[in-house]
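This briefing looks at one helix and the sheet beside it. Have the sequence and the 3D view open while reading.

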Amino acid sequence: MALRHKAEKEDGKLIIKTIFKSAALCVGLALASLAQSEKPNVIIFLVDDMGVMDTSVPFLTDEDGQPKRYPLNDWYRTPSMERLAKQGIRFNNFCAQSVCSPTRASIMTGQNATRHGTTTWIRPEGNNKGKNGPPEWNWEGLKRGDVTLPGVLHANGYKTIHAGKAHFGRQDSEGADPLNLGFEVNIGGACWGRPKSYFSEDHYGNHPKYAKKMTHNVPGLEKYYDTGTFLTEALTLEANAQIAVAVKEKKPFYLYMAHYALHAPFNSDPRFADHYKDSDKSAKAQAYAALVEGMDQSLGDILDQLEALGIAENTLVIFLGDNGSDAPLGGKYDHASSAPLHGKKGTSFEGGMRVPFIAAWAKPDPKNLWQKKLPIPQDAIQEQLGTVMDLYPTILDLVGAKNPSGHVVDGYDLATQLEGKFNPARPEVFLMHFPHNHNSSYFTSYRTKDWKVIYDYNPTGKNPRQHRLYNLKTDPFEEHDVASKNPEKLQQLVTAMARQLEAENALYPVDQQGRELKPELP
C-alpha cells in the first residue's frame with residue numbers, strides 16, 4: 001500500500017519501476033524453476049542410409065516455400081514421421097556427410113569431418129583409405145577420452161543410452177564399444193556398419209552357420225533369437241525398456257536411437273511386406289520400402305512409450321538420416337533413388353548429402369517450462385541450412401551443459417532456427433570433403449545457399465582436375481554445370497572452399513607418387 005501511495009505521488013514513475021521489478025522477479029523465479037525442474041530428455045533418432053525422399057513426408061518445397069510432393073513421397077509409408085512433423089519443424093535443406101561414419105562422428109563431436117579426420121566409412125577389418133586416400137586419415141575413429149555428446153551429457157547427470165548401429169571405430173579399437181565413448185548403456189552397438197541379417201532366425205548374424213566368418217553380427221539380443229522379432233523391432237523394445245528404467249531412476253536420459261535400417265542387406269520387414277508386394281517395383285525396392293515402414297513403426301512405438309510414461313512433454317525428439325539414400329532405384333548418378341534430387345549415398349550430388357530432419361517436442365505443451373525455453377512451432381518448415389554438426393551445440397545449450405574447454409565445435413546452435421526464425425549469425429555454408437573412393441571419389445563440395453561447387457581431385461592423372469558449378473536456386477536438381485559461364489563465381493567459391501579446408505586441417509588425397517593434392521584455383 002505504501003508503495004502504491006508513493007507511486008501515485010510521483011506521477012506513476014514508481015509504479016512502472018515496481019512493475020518492472022515484479023516482472024524481473026517473475027522471470028527470475030521462472031528461470032530458477034526451470035533450473036530446478038527435471039532436465040529435458042533428448043532423443044536422437046538416426047536412420048542409416050535414409051535420404052530426404054525416403055518418406056511420405058514432403059521435405060522439398062516449391063518457390064513459395066510450401067511443401068511439394070513427388071512420386072517417392074507417395075511410394076513410402078511413414079505415418080509416424082508425419083505425426084512428428086505435424087508436432088514440430090522440419091528442414092528442407094539439412095546436410096550430412098555423404099557416408100555414415102563421418103556423420104556419426106560429427107554428431108558425437110560437433111566437428112566437421114575435415115577436423116575429426118574420419119572422412120569415409122570405417123571398414124572394421126582393414127584400412128579402407130583407398131589407393132589415393134590420405135595416409136593419415138582417422139581410420140581408428142573415436143577414442144576413449146575424446147569429447148563426445150553422450151560424455152558431456154553423462155557428466156551432467158544424464159542416463160546415456162545407445163541403441164543400434166554404432167560404427168564409431170574399427171574392430172578391436174576403443175571406439176568399437178559405445179561404452180568407451182560416454183554411453184552408460186549399449187544395445188546392439190559394435191564396430192559394424194551393417195547387420196549380416198535382420199532376421200531373428202539368423203540370430204542377427206550370430207547363428208552358428210556363420211561361424212567360419214563371424215562378422216557384422218549384432219551383439220546382445222540373444223533373448224530374441226528364433227522369436228520372429230525383426231531387428232528393428234528388437235532394438236525398439238530394448239530402447240523403450242531403458243527409457244522406463246531411466247524414469248524409474250528419476251534421471252533425465254539421452255537416447256541415441258541409431259537404427260541399422262535402412263542399410264543393406266535389404267531384408268524385408270515381414271510386418272509390412274504385404275503393403276508393397278503388388279507394386280511394379282523390384283523385390284529389393286519393395287524390401288527397402290518395408291524397412292522404411294518398420295523404422296517408422298519404431299518411431300511411433302517410442303513416441304507412444306513417452307506418452308504412456310507421462311514424459312512426452314519433457315522430451316525433445318530429433319529425427320534425421322545419416323547420409324543420402326541408398327534405395328535400390330536406378331543408377332548411382334541418376335535422378336532416381338532420391339528423385340528429383342541428383343545422385344545417392346556416397347556421391348557428390350545433393351542426393352548424397354541431403355537428409356530428412358525433424359525436431360519436435362514429443363507432446364507439445366506451451367505451458368511446459370522447457371518448451372517455453374525452446375518453443376518449436378508445429379507443422380513448420382525451416383528453409384535455412386542446417387547440418388549434422390549443429391546437434392552437439394544445440395543440445396548442450398538446451399540442457400545447460402558447457403562444451404569442455406579447448407574442444408573446437410564447427411556446428412551452430414539451431415535454437416533460433418528451431419523456433420522457426422532466420423538466424424543471421426550462421427553462415428549458410430556446408431563443406432563436404434571426401435578424399436577417398438566411393439560412388440563419387442576424391443572430391444570436395446562446397447555449398448552455399450544458392451550455389452554449389454564440386455571439386456574433383458582426379459588423383460590418378462587420367463583426367464584433368466575438374467570444377468563443376470551449379471546454381472541451386474535455378475537448378476536445384478543439378479542438371480546444368482554452369483562453371484564455364486560463371487568464372488568469377490567459380491573462382492570465389494573454390495577460394496572460399498580452399499580456405500576452409502585449411503582452417504579445419506583437412507587431409508588431402510595423394511597422387512600416384514604419394515604427393516598431397518590440394519585444390520588448385522581454376
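Which residues in α14 are buried? In this predicted model, they are Leu490, Leu493, Val494, Ala496, Met497, Gln500 and Leu501. These residues cover an arc of only 165° around the axis, which puts them on the same side of α14.

**The helix**

- Helix α14 covers residues 487-503, a total of 17 residues.
- From its first C-alpha to its last, α14 reaches 24 Å, close to the 24 Å expected at 1.5 Å a residue.
- An α-helix has 3.6 residues a turn, so residues three or four places apart point the same way.
- Pro487, Glu488, Arg499 and Ala503 are exposed, and they sit on the face of α14 turned away from its buried side.
- After α14 comes Asn505, which has a positive phi, near 60°.

**The sheet**

- An open sheet is formed by 4 strands in the order β11-β12-β13-β14, with antiparallel pairing.
- β11 and β14 stand at the edges with a single partner strand each, so one side of each has no neighbour in the sheet.
- On average, neighbouring strands of this sheet are turned by 10° against each other, direction ignored.
- β12 and β13 run antiparallel and are joined by 5 bridges.
- Tyr446 has Val453 in β13 as its bridge partner.

**Helix against sheet**

- α14 lies across β11, β12, β13 and β14, and runs at about 70° to β13.
- The buried residues of α14 pack against β11 (430-434), β12 (443-447), β13 (451-456) and β14 (466-471), and also against α6 (113-116).

Conventions:
Residues are numbered from 1 along each chain as its sequence is written. This is a predicted model: local features need pLDDT of at least 70, side-chain atom pairs count only at pLDDT 80 or more; totals for chains, interfaces and linings use all residues. Side-chain values use heavy atoms; hydrogens and water are left out. Helices (H or I, at least four residues) and strands (E, at least two) are DSSP runs, numbered from the N terminus. The expected span of a helix is 1.5 Å times one less than its number of residues. Buried means under 20% relative accessible area, exposed over 50%, partly exposed in between (1.4 Å probe, protein chains only). The arc is that of the directions from the helix axis to the C-beta atoms. Contact means heavy atoms within 4.5 Å. Two strands pair if DSSP finds at least two bridges between them. Axes are lines fitted to C-alpha atoms, for helices over the stretch in contact, and angles run from 0 to 180 degrees between N-to-C directions.
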